[in-house]
Amino acid sequence: MAVLELTPYIRREIEDIVDKRIREVHVTKEDFSELKGIVRELAIIQKESEKRLRGVEIAVSELAEAQKRTETRVEELAIAQKELAEAQKRTETRVEELAIAQKETQKEISELTKALERTNTNVGGIGETMGY
């Protein structure tokens, strides 16, 4: 078996490389404390985010309920509008009927006026005949 002997220079180089690698992966207390602080801050931020999220969920739920109520009201308004349109049609039909009845009434009044004039003429003629 051959035993390799390290020269002091090679030994120092190997130690430097190992020390350097250990320093690269070594976590100091300061690093760990800093990491713990960051984790605490993240936990606080997460809790605040969860609270805000709950608030947003409540607001969205309330908005959904308001939307349902609005849709119901819109449907009710559509029904009322349809009923009003039907009532308007009925009113227009009745107004047309009234206009026709008014024309007939005016015609009859005109005929009655003429008949009254004839009656007055006849009564006046009778009065003259009686006066002679």
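This is a predicted model: local features need pLDDT of at least 70, side-chain atom pairs count only at pLDDT 80 or more; totals for chains, interfaces and linings use all residues.
Helices here are DSSP runs of H or I with at least four residues, and strands are runs of E with at least two, both numbered from the N terminus. Residues are numbered from 1 along each chain as its sequence is written, and side-chain values use heavy atoms, with hydrogens and water left out.

Let's begin with the overall form. Along its principal axes, the C-alpha trace spans about 180 × 30 × 20 Å. The radius of gyration of the chain is 54 Å, whereas a compact globule of 132 residues would have one near 14 Å; the radius is taken over C-alpha atoms, and the globule rule is 2.2 Å times the number of residues to the power 0.38.

What share of the 132 residues is buried? Buried residues make up 1% of them, where buried means under 20% relative accessible area, exposed means over 50% and partly exposed lies in between (1.4 Å probe, protein chains only). The accessible surface of the chain comes to about 13100 Å², and 59% of that belongs to carbon and sulfur atoms. These areas come from the Shrake-Rupley method with a 1.4 Å probe, and for residues only the protein chains shown count as cover.

Now move to helix α1, residues 8–25, where you will find Ile-10. Ile-10 is partly exposed because its relative accessible area is 39%. Together with Leu-6, Tyr-9, Ile-14, Val-18 and Ile-22, Ile-10 forms a nonpolar surface patch with about 560 Å² of accessible area. Patches are made of residues with over 30% relative accessible area and no salt bridge, joining nonpolar side chains (Val, Leu, Ile, Met, Phe, Trp, Tyr) within 5 Å and like charges within 9 Å.

The structure also holds 2 salt bridges, each being a side-chain nitrogen of Lys or Arg within 4 Å of a carboxyl oxygen of Asp or Glu. In one of them, Arg-11 pairs with Glu-15, with the closest N and O atoms 3.4 Å apart. Both residues lie in helix α1, 4 residues apart, about one turn of the helix. In the other, Lys-68 pairs with Glu-65, at 3.8 Å between the closest N and O atoms. These two residues sit 3 apart in helix α2 (residues 29–131), so about one helical turn separates them.
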